[in-house]
Amino acid sequence: MQQHPQAKIHRMFELIEPIGTVTFSEVANDAFLAVGMRTYWDGYFAGRAAPLGQAPAEVVHAVFYNFADGEVARHIPWVWGKITPQEAITVREQGSTAALRQMIGELAGSPALGRVADLATRAAVSAPTEGRPLYAGLRALDVPGEPVARLWHAATLLREHRGDGHNAALLAHGIGGTEAHVLMAVSLGMRAEEFGRVHHLPKARLAAVVAGLRGRGLVDAAGGFTDAGRETKQRVEALTDELAAPAYDVLSPDELDELIAGLEPIAAAIRAAGG
């Protein structure tokens, strides 16, 4: 079994994330609105949860981990009255591929992109599925043949494989989903109520989460990290990288270096395009 340095595993996260998250861009969102979704979040939950089938809100909430109570239920099962999971998978792939193609421009037609997509796909379909429900659902889908679509699909697999592992790392450290967002806000030097993923929550609920973290010694009175809080966040991230590593065992060191080098201009183009 090939072992790669943790720094390279984390670098893969940095390069895969922009590709995987084109799914949440305007082009992909418009594709869901066109088939009857009311809002961005309808399309988000329909597309991301579709590989789980018509799972109830309680299951999607558990698998996604980082949404506040009741948020999933505002969209699931409502979306399944407008679109089937299989249709949502198709809309998501087509919209995401269109968004990726638009963002990377001429790179989409480069022969090098096919090689990058092949290496990424080898890694993406090689990791163990046990304990990774969302990754396992994605693994059950067909791999697209077209290179840009295949690259997006591979990035999504690798992103959700890492995400399932991240949830396990948070759980192992007793960090709930909303708490994880608060700690992310703190790490960025932001107040919790300023952070996009939780700023909409009732102030009293958010204040209670912050107070709970303060009571555990992770956040200080000023709303910043304590030493223990910073160390906990670092341990979670290190464990997340460690749990993500098996996806890349199938690649030789030279192949992983080639994949990293091939992804760098693609990720840079997405960031330059505002992705």
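**View 1. Helix H10 shows an exposed face and a buried side.** The face of H10 turned away from its buried side carries Ala-204 and Gly-215, both exposed. Here, exposed means over 50% relative accessible area, buried under 20%, and partly exposed in between, using a 1.4 Å probe and protein chains only. You are looking at a predicted model, in which local features need pLDDT of at least 70, side-chain atom pairs count only at pLDDT 80 or more, and totals for chains, interfaces and linings use all residues. Residues are numbered from 1 along each chain as its sequence is written, and side-chain values use heavy atoms, with hydrogens and water left out.

Now for the buried side: Leu-206, Val-209, Val-210 and Leu-213 of H10 are buried. These residues sit on the same side of H10 because they cover an arc of only 95° around the axis, the arc being that of the directions from the helix axis to the C-beta atoms. H9 is included in what covers the buried residues of H10.

View 2. A pocket is found on a 1 Å grid over the protein atoms alone, as an open set of points with protein on both sides within 12 Å along at least five of seven lines; a cavity is a set of points where a 1.4 Å probe fits but cannot get out, and lining residues have an atom within 4 Å of a point. Grid points are joined across faces, edges and corners, and a volume is the space filled by probe spheres set on the points. The second largest pocket is lined by 14 residues, and Arg-191, Glu-193, Val-210, Arg-214 and Gly-223 lie nearest its centre. Two or more lining residues come from each of H9 and helix H10 (203–215). With four residues, H10 gives the most. Sorted by class, this lining has 10 nonpolar, one polar and three charged residues. Ala, Val, Leu, Ile, Met, Phe, Trp, Tyr, Cys and Pro count as nonpolar, Asp, Glu, Lys and Arg as charged, and the others, Gly among them, as polar.

**View 3. The largest pocket and its helices.** The space in this pocket is about 1000 Å³. Of its 39 lining residues, Glu-17, Asn-66, Arg-159, His-166 and His-181 are the closest to the centre. At least two lining residues each come from helix H1 (6–20), H3, H8, helix H9 (177–187) and helix H11 (227–244). Which helix gives the most to this lining? H8 does, with nine residues. The lining of the largest pocket has 22 nonpolar, nine polar and eight charged residues.

**View 4. The two cavities.** Searching the whole structure finds two cavities of 30 Å³ or more. The largest cavity holds about 70 Å³ of space, and its lining includes Thr-23, Phe-24, Tyr-40, Tyr-44 and Arg-92. Five of its lining residues come from H3, the largest share. The second largest cavity has a volume of about 30 Å³. Gly-20, Thr-23, Phe-24, Arg-92, Thr-156, Arg-159 and Glu-160 line the second largest cavity, where helix H8 (residues 147–172) gives the most, with three residues.

**View 5. His-161 in helix H8.** Staying with H8, we find His-161 in this helix. Is His-161 buried or exposed? His-161 counts as buried because its relative accessibility is 1%. Leaving aside neighbours within four places in sequence, His-161 is in contact (heavy atoms within 4.5 Å) with Ala-127, Pro-128, Arg-132, Tyr-135, Leu-243, Ala-244 and Ala-247.

**View 6. The loop between H4 and H5.** Tyr-65 lies in the loop between H4 and H5. Phi of Tyr-65 is near 75°, a positive value in a residue other than glycine. Tyr-65 is buried, at a relative accessible area of 18%. Pro-77 also has its place in the loop between helix H4 (57–64) and helix H5 (85–104). Ile-76 and Pro-77 are joined by a cis peptide bond, with omega about 15°.
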